[in-house]
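Please examine the sequence and the three-dimensional structure shown here.

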Amino acid sequence: MRRPVLLVIAHGSRDPRHAATVHALVRRVRSLRPGLRVETGFLDFTVPSVPGVLESLAAEGVRDVVALPLLLTRAFHAKADIPAVLAKAPARLRVRQADVLGPSPLLLAALERRLYEAGLTPADTSSTGVVLASAGSTDPEAIAVIAAIAREWRHTGWCAVRPAFASASLPRTEDAVRELRALGCERVAVAPYVLAPGFLPDRIARGAAAADVLADVLGPAPEVARVLLERYDAARTPELAAVGALGA
């Protein structure tokens, strides 16, 4: 049985670093699962567009697609924008929307990877306060998820972990840095909980000016690529169960 095509749906940005990072992540996914066809579509600013990719797949005779939102929380894009675009897919396509990437223990591992790459070591954790800096959202569910991740991460041994947001919500990154200083953390690190560079990640970086360490965005970290494949497999679960039942 032919596996569904994995369509990774990214937001898009005028910043060329965004698309370059998305494509690097997709290449990592392909390397982890040779033989799986992985395509990329963008909601805005960047080509190819999601509708364009869907039309091309249908024209080729593809029947099944798993559409995976390249998002860390279930906010407006996952709940409204992407379903609206997918609803207009060609009738011959069967499109299933996979879940967003977060939360996941693998993403916490990717965050720590980036912090260690920026100069921290595991021996530094107990004396380091971390700002978990996300893009921000007006969606209460998304904000609650970020706060829950920060609480969970704190229990792994960091001095303290505080959430921060680049837009829509408070506190800002610079405010969280000051709070961790006031708590007495020996050093403060900022971990951007974002997938690719762009306007809001740049705002996070500016807010991290008074921190000791600024990690890179998650980007094509191997853990992120593994989460994409986990979400793809989960979206295929009913199909795989049906095949198993037929073979029983």
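The chain contains eight helices and eight strands; these are DSSP runs numbered from the N terminus, with helices (H or I) of at least four residues and strands (E) of at least two. Its radius of gyration is 19 Å, close to the 18 Å that the globule rule gives for 248 residues, so the chain is as compact as a globular protein of that length. The radius is taken over C-alpha atoms, and the rule is 2.2 Å times the number of residues to the power 0.38. This is a predicted model, in which local features need pLDDT of at least 70 and side-chain atom pairs count only at pLDDT 80 or more, while totals for chains, interfaces and linings use all residues. Residues are numbered from 1 along each chain as its sequence is written, and side-chain values use heavy atoms, with hydrogens and water left out.

**Overall build**

- Along the principal axes, the C-alpha atoms fill a box of roughly 60 × 40 × 30 Å.
- Of the 248 residues, 50% are buried, where buried means under 20% relative accessible area, exposed over 50%, and partly exposed in between (1.4 Å probe, protein chains only).
- Among contacts with a separation of 6 or more, 77% join residues 24 or more positions apart; a contact means heavy atoms within 4.5 Å.
- The chain exposes about 11,300 Å², and carbon and sulfur atoms supply 55% of that area. Accessible areas come from the Shrake-Rupley method with a 1.4 Å probe, and for residues only the protein chains shown count as cover.

**Pockets**

- A pocket is an open set of points where a 1.4 Å probe fits, on a 1 Å grid over the protein atoms alone, with protein on both sides within 12 Å along at least five of seven lines; lining residues have an atom within 4 Å of a point.
- The largest pocket holds about 900 Å³ of space, a volume being the space filled by probe spheres set on points that are joined across faces, edges and corners.
- Its lining has 36 residues, of which H11, L71, H77, A135 and L200 lie nearest the centre. The elements that give two or more residues to this lining are α1 (16-32), α3 (76-86), α5 (140-154) and α7 (199-207).
- By class, the lining of the largest pocket has 22 nonpolar, twelve polar and two charged residues. Ala, Val, Leu, Ile, Met, Phe, Trp, Tyr, Cys and Pro count as nonpolar, Asp, Glu, Lys and Arg as charged, and the others, Gly among them, as polar.
- The second largest pocket holds about 170 Å³ of space, and its lining includes R2, R3, G35, R37 and D64.
- Four nonpolar, two polar and five charged residues make up the lining of the second largest pocket.

**Selected residues**

- H77 lies in helix α3 and is partly exposed, with a relative accessible area of 27%. Beyond four places in sequence, H77 touches H11, L43, L71, I82 and P83.
- P192 belongs to strand β7 (residues 187-192) and is buried at 5% relative accessibility. R114 is 78 residues from P192 in sequence and 9.1 Å away in space, C-alpha to C-alpha.
- Leaving aside neighbours within four places in sequence, the contacts of P192 include L111, A133 and I204.
- S104 sits in the loop between β4 (94-97) and α4 (105-117). With a relative accessible area of 9%, S104 is buried; leaving aside neighbours within four places in sequence, S104 is in contact with V227 and R231.
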